[in-house]
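Welcome! Here is a short tour of the structure shown below, with its charged pairs, its surface and its core taken in turn.

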Amino acid sequence: IVCGLHLPPTAFNSVAGVDAAHILPWADYDLDEVSNGICLCKHHHWAFDEGLILITWDGAAYNVEVPDDVVTEIRQHYAAFSIDELLKHVGPIPADRLPSKTADRPRPQFLKMFAEILKTNGA
């Protein structure tokens, strides 16, 4: 959903290079439903879980964001961190990367709750 990579299993790799990621952590919410999930490459799954990127809903479109405090902190204190690799995907998510059924798309309230959890936990 973030970068558009397609990494299905092939004759050379038996496991897909993408993950079905939970928005709200399964261990805490036990929400195994499609609308609590997003398809992410392994890189963006890690970045999402760590709060380095957010997926948001603005009422009209899904967007990828990198919180300003993340960018500032990393640029000031971690010069070797490749923050530009995350920033190049900031912006609206193309509709063709989303599930065709609206009911299967990430539920906006789950995305909002996840962002609030990150703020509360200081991530």
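K42 counts as partly exposed because its relative accessibility is 45%; the term covers values between buried (under 20% relative accessible area) and exposed (over 50%), with a 1.4 Å probe and protein chains only. The model is a predicted one, where local features need pLDDT of at least 70, side-chain atom pairs count only at pLDDT 80 or more, and totals for chains, interfaces and linings use all residues. Residues are numbered from 1 along each chain as its sequence is written, and side-chain values use heavy atoms, with hydrogens and water left out.

**Salt bridges**

- Side chains of opposite charge can pair when their charged atoms come close.
- Counting a salt bridge wherever a side-chain nitrogen of Lys or Arg is within 4 Å of a carboxyl oxygen of Asp or Glu, the model has 5 salt bridges.
- K42 is the partner of D19 in one of them, with the closest N and O atoms 2.7 Å apart.
- D19 sits in strand β1 (residues 18–22) and K42 in helix α2 (residues 42–49), so this pair ties together parts that are 23 residues apart in sequence. Helices (H or I, at least four residues) and strands (E, at least two) are DSSP runs, numbered from the N terminus.
- E33 and R107 form another salt bridge, and here the closest N and O atoms are 2.9 Å apart.
- This second pair links distant parts of the chain, 74 residues apart: E33 is in the loop between α1 (26–29) and β2 (37–41), and R107 is in the loop between β5 (91–92) and α5 (108–121).
- Both partners are partly exposed, E33 with a relative accessible area of 32% and R107 at 29%.
- K119 and E116 also form a salt bridge, with 3.7 Å between the closest N and O atoms.
- About one helical turn separates K119 and E116, because they are 3 residues apart in helix α5.
- K119 counts as exposed at 62% relative accessibility, whereas E116 is partly exposed at 38%.

**Negative patch on the surface**

- D58, E65, D68, D69 and E73 gather in a patch of negative charge on the surface. In such a patch, residues have over 30% relative accessible area and no salt bridge, and like charges are joined within 9 Å.
- Helix α3 (residues 68–77) gives the largest share of this patch, 3 residues.
- D58 belongs to the loop between β3 (54–57) and β4 (62–65), and its 52% relative accessibility makes it exposed.

**Nonpolar core**

- The largest nonpolar core has 29 residues, and I1, I38, L40, F48 and I55 have the most contacts inside it. Such a core is a set of buried Ala, Val, Leu, Ile, Met, Phe, Trp, Tyr and Cys residues joined through side-chain atoms within 4.5 Å.
- Two or more residues of this core come from each of β2, α2, β3, β4, α3, α4 (83–87) and α5.
- The largest share, 5 residues, comes from α5.

**Two more residues to look at**

- H6 lies in the segment before β1 and is exposed, with a relative accessible area of 71%.
- Most residues other than glycine have a negative phi.
- D30 has a positive phi of about 50 degrees although it is not a glycine.
- The place of D30 is the loop between α1 and β2, where it counts as exposed at 54% relative accessibility.

How values were computed: Patches are made of residues with over 30% relative accessible area and no salt bridge: like charges are joined within 9 Å, nonpolar side chains (Val, Leu, Ile, Met, Phe, Trp, Tyr) within 5 Å. Accessible areas come from the Shrake-Rupley method with a 1.4 Å probe; for residues, only the protein chains shown count as cover. Lys and Arg count as positive and Asp and Glu as negative; His and the chain ends are not counted. The place of a charge is taken as NZ of Lys, CZ of Arg, CG of Asp or CD of Glu.
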